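Here is a quick tour for anyone opening this structure for the first time. Have a look at the model, then read on.

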Amino acid sequence: MKYETFEDLYSYEALNIAKNILKDGESVTITKNKNKNIIDISSENPDKIFKELMNEALNQQCRIDISKKNFKVSQMIITKALVSALGEEPKSKKRGRK
Amino acid sequence: MTSKKPGKKNTAKNSLDLINIRWRKIKNKFIITNDFGYYLSLNQKEFNDLIYKNKVSEKLKEELISKGFIKTHMDFDDLFSRWKNSNSYLFWGPSLHILVTTLRCNHKCVYCQSQAVGISNDKTDMPTSIAKKSVDIAFYSTAPVLTFEFQGGEPLYNWETVSKAIKYIREKEKNSDKKINISIVSNFSVMDEKKANFLMENEVSICTSLDGPEKLHNKNRIYTQANSYRETIKWLKYFNSMHDNQTNLSYRIFKPSALTTISCDSLKYHKEIIDEFVKNDLNTIFLRPLSPIGFAKKMWNKIGYDSKSFLKFYKDSLNYILSLNKKGIDIKEKTAIMLLNKILNAKDSGFVDLRCPCGAGIGQVAYNHNGEIYTCDEGRMVGWEGEDIFKIGTVKDSYKKIINSLTTKTCAITSNLENQFTCSRCAYRPYCGVCPVINYEAQNNIWGNNISSERCKIFMGIFDIIFELMEDKKNMEIFNLWVEDKKEITV
């Protein structure tokens, strides 16, 4: 059974992550076609798997969206944590004109 | 340089320029929090006035200002100092170093996470050379305080390595400016006076498991060779007595502590479990829910429970503990202490699971008996099941290589609450954390799906219970006493 979703609603990345999390993920094939993603499910109960896939894809898409939105603060926290653990000062970028 | 156009400001008299707030409704109150960890409890009218009318009483306005909720009146010195205190772990490396000195154990606990093996299987004993290499790596950490925790299996089965590693740590401490804590988690079944004296002389804090009254404890902690409960109580009394009667010693003897793991059999006995701790002169109880890891995951249908059942147990327990406190009995609950320290004192309690990012590799490191190094003890257990995805190196690697490993970085990214859409706007964001290992074990996904996560439901529920109890003045007095205690509770 084939299903279609729009790329601007559920990205190819979110769908693929969802596929890998799903128990029945092996029966799912996702292909990108311009602004759409084609989901092919080869199973006895494709509707059930499609619903589970889209439920997880929604979770992943929201996560991807919030990661983009909070990118700056998120990077600052992670960099601070890792650099402190390493015991190194972050290399300062040289600014200004040469 | 181009100058920015000033934003459109609300110039109405008494209007408030609110920062980004997070809120949660608990019964008839609204808890609002901000990034600095400040909170306010508002009633429905105050909340509506603040959000919809943007106008509040002068008293509330002052409170909002003093707690950093108003953009135009921010005391940056105070706010930054508070943020830095509550996120102090971001400024140094791993402080908790867990040495799994053997997997041998004589107990067969129903919820065991540590993948213990039979006592004759000494192939899982950590050689002293690996223990020393692990200690060497730990001393490279940038943390000013290091805690070494000896675990198993039953660590006392590999006494030679444990005792030599303790001596080695104390030797290294002499040439280091770090503060060193050492603890051991034992079921006491092979404890003797010689071992006990060595541990006390080397200032090792002793931690055991006590699941409640004899019948319940022995049902959870199966020990066929003797009575697990009686062994535990015998040695708890011994260490308590040594602690209480220490005089003119050149070393400090710590009060022993005990962990309680709540199985589904425990849920009916909150009073009995707490009374058991009071009876044995233990003034802190740590009511830990089961984690779906290791043996417990396989046995989940028999011993597991849902978040709702645990939260009912936790609420009843906390209410009972508060009622005992009101009668003058000294007993505290460790999860509540950790959360209250964050909420009231902006103090990181050292609990690496409730951090952002979580402590995997950057707050704690687990050294397995064979020299393999994991992000944490839970990550090691996943490795034992055959999926080594939380391994960050071996004792042959350098400290920097371990911290720089892709796994450490991945755990930091996936446990960053700013990357979690439910957490980033949750009212409890300033005090909470996610665990990639539990996400992976329970949901087959290190990012997790917090909407359906039982761990998330448990912590949300515990926060709700604590904030609800904080509305009562008498409870607040008790809670303040719990977090005023300057002595660190070692578990």
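## Where the two chains meet

Let's start with the contact between the chains: 18 residues of chain A are in contact with 25 residues of chain B. Keep in mind as you look around that this is a predicted model.

On the chain A side, α2 (46-69) and α3 (71-86) each supply at least two of the residues that touch chain B. The biggest giver there is α3(A), with 10 residues. Sorted by class, the side of chain A that touches chain B holds 10 nonpolar, 6 polar and 2 charged residues.

## Chain A on its own

Chain A has 3 helices and 3 strands. Reading from the N terminus, the order of its elements is β-α-β-β-α-α. Chain A has 98 residues, and 28% of them count as buried.

## A look at Q60(A)

Now pick out one residue, Q60(A), which has its place in helix α2 of chain A. Is Q60(A) buried or exposed? It has 24 C-beta neighbours inside 10 Å, and the cut-off for buried is 20 or more, so Q60(A) counts as buried.

Which residues does Q60(A) touch, if you leave aside its neighbours within four places in sequence? The partners are A14(A), I17(A) and A18(A). For a sense of distance, Q60(A) and D40(A) are 20 residues apart along the chain, and their C-alpha atoms are separated by 19 Å.

## The two domains of chain B

Over in chain B, the assignment gives domain 1 (22-86) and domain 2 (92-403). The centres of these two domains of chain B, taken over C-alpha atoms, are separated by 38 Å. The contact takes 5 residues from domain 1 of chain B and 5 residues from domain 2 of chain B.

On the domain 1 side of this contact in chain B, the largest share is 3 residues, and it comes from helix α3 (residues 76-86) of chain B. By class, that side of domain 1 of chain B has 1 nonpolar, 3 polar and 1 charged residues.

## Two helix pairs in chain B

When two helices pack, they can be described by the angle between their axes and the distance between the axes. The crossing of α9(B) past α12(B) is right-handed. Residues H270(B), K271(B), I274(B) and V278(B) of α9(B) meet a set in α12(B) that includes F313(B), D316(B) and Y320(B). In this contact of α9(B) with α12(B), 6 residues are nonpolar, 2 polar and 2 charged.

The other pair is helix α13 (residues 334-345) of chain B and helix α19 (residues 473-484) of chain B, packed at an angle of about 95° with their axes 9 Å apart. With that angle, α13(B) is roughly perpendicular to α19(B). Here I337(B), L340(B), N341(B), L344(B) and N345(B) in α13(B) meet F479(B), N480(B), W482(B) and V483(B) in α19(B). The contact of α13(B) with α19(B) has 6 nonpolar and 3 polar residues, and no charged ones.

Key:
Residues are numbered from 1 along each chain as its sequence is written. Chains are lettered from A and ligands numbered from 1 in the order in which they are written. This is a predicted model: local features need pLDDT of at least 70, side-chain atom pairs count only at pLDDT 80 or more; totals for chains, interfaces and linings use all residues. Two residues are in contact if their C-beta atoms, placed from the backbone, lie within 7 Å. Helices (H or I, at least four residues) and strands (E, at least two) are DSSP runs, numbered from the N terminus. Ala, Val, Leu, Ile, Met, Phe, Trp, Tyr, Cys and Pro count as nonpolar, Asp, Glu, Lys and Arg as charged, and the others, Gly among them, as polar. A crossing is left-handed if the near helix is turned anticlockwise from the far one by less than a right angle, and right-handed if clockwise. Domain bounds come from an automatic or database domain assignment. A residue is buried if 20 or more other C-beta atoms lie within 10 Å of its own, exposed if 12 or fewer, and partly exposed in between; C-beta atoms are placed from the backbone. Axes are lines fitted to C-alpha atoms, for helices over the stretch in contact, and angles run from 0 to 180 degrees between N-to-C directions. Angles under 35 degrees count as roughly parallel, over 145 as roughly antiparallel, 65 to 115 as roughly perpendicular and the rest as oblique.
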